Amino acid sequence: MIEYVQAILLIIAAVLTIISAVGLLSLGKNTRNKVYARIHIVGLFDIACIIAMIGLGQYLLAGVYFILAPFTAHAIANAYWKKEDRENNMDLMTVEEEVDENHPFIHPKEKMQALESEDSEKLKTDDRFSVTTIEINEDE
Amino acid sequence: MDILFIAKILLVIALIIMMLVTLRASAYKSTSMGLLGSSVIVNAFAVALLIIGELHNLQFYRDISLALIFFGFVGTVAFAVVLGGNDE
């Protein structure tokens with residue numbers, strides 16, 4: 001009975017490994033963020049290795065690998081983001097804000113700055129409602 | 001034939017395919033991709049070593065596999081830290 005469970009676990013690991021291999025190759029040539037996608041796919045392979053180790057009865061190795069695998073993936077992704085990705089794709093550093101013009105509460109930053117500037121059209125129209133005071137001479 | 005034996009052979013074949021695919025993927029222009037590829041190959045080899053060690057009753061295969069996984073991790077992280085550089 002245990003043999004069957006082990007065999008099933010190993011076959012599951014083999015299938016997951018093949019799936020991750022196909023995934024690694026199937027990414028298109030012009031795919032954006034290819035390295036991150038491949039790191040993601042390698043996560044599947046890591047889980048396949050852990051399942052295989054459990055199937056082989058190596059629980060300590062499976063535990064060690066289960067803890068270490070995310071650190072590896074994160075270290076590689078972090079290194080790629082900090083150097084290669086930023087230096088090769090400078091447009092990643094500019095953030096584009098998409099704000100709906102008709103939104104009742106959220107307004108674009110440029111629009112608000114234009115409203116707050118001294119020579120804005122809004123302030124000129126507000127001059128129509130300037131407050132006048134009546135001067136009173138006490139002598140009269 | 002024993003089903004467990006067949007499953008082990010299947011897994012070894014899948015791991016060999018994975019290693020070849022990773023070699024192909026490592027040829028991508030980025031250095032990080034080579035780092036990722038080497039990490040995957042080391043881990044795949046460690047698992048294959050576990051299976052082959054059980055099949056042929058080899059000794060110390062478990063220790064070698066543990067060393068491969070652990071030092072593969074250390075090397076990958078060290079290289080990644082050097083590749084990433086200092087924070088600005």
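I call two residues in contact if their C-beta atoms, placed from the backbone, lie within 7 Å. Helices are DSSP runs of H or I, at least four residues, numbered from the N terminus. This is a predicted model, where local features need pLDDT of at least 70, side-chain atom pairs count only at pLDDT 80 or more, and totals for chains, interfaces and linings use all residues. Residues are numbered from 1 along each chain as its sequence is written, and chains are lettered from A in the order in which they are written.

Entry: the helix pair in chain B. I checked H1(B), residues 3-26, against H2(B), residues 31-56, and got an angle of about 165° with the axes 9 Å apart. That makes H1(B) and H2(B) roughly antiparallel (angles over 145 degrees). Among the H1(B) residues that meet H2(B) are B:Leu11, B:Leu15 and B:Met18, and the H2(B) side includes B:Val40, B:Ile41 and B:Ile51. I sorted this contact into 15 nonpolar, 4 polar and 1 charged residues (Ala, Val, Leu, Ile, Met, Phe, Trp, Tyr, Cys and Pro are nonpolar; Asp, Glu, Lys and Arg charged; the others, Gly among them, polar).

Entry: chain A against chain B. I found 39 residues of chain A in contact with 40 of chain B. On the chain A side, H1 (2-26), H2 (34-55) and H3 (59-88) each give two or more residues. That side divides into 27 nonpolar, 6 polar and 6 charged residues.

Entry: A:Ile11. I located A:Ile11 in helix H1 of chain A. A:Ile11 counts as buried because it has 20 C-beta neighbours inside 10 Å (the cut-off is 20 or more). Leaving out residues up to four places away in sequence, A:Ile11 touches B:Ala7 and B:Leu10.

Note on methods: Axes are lines fitted to C-alpha atoms, for helices over the stretch in contact, and angles run from 0 to 180 degrees between N-to-C directions. Angles under 35 degrees count as roughly parallel, over 145 as roughly antiparallel, 65 to 115 as roughly perpendicular and the rest as oblique. A residue is buried if 20 or more other C-beta atoms lie within 10 Å of its own, exposed if 12 or fewer, and partly exposed in between; C-beta atoms are placed from the backbone.
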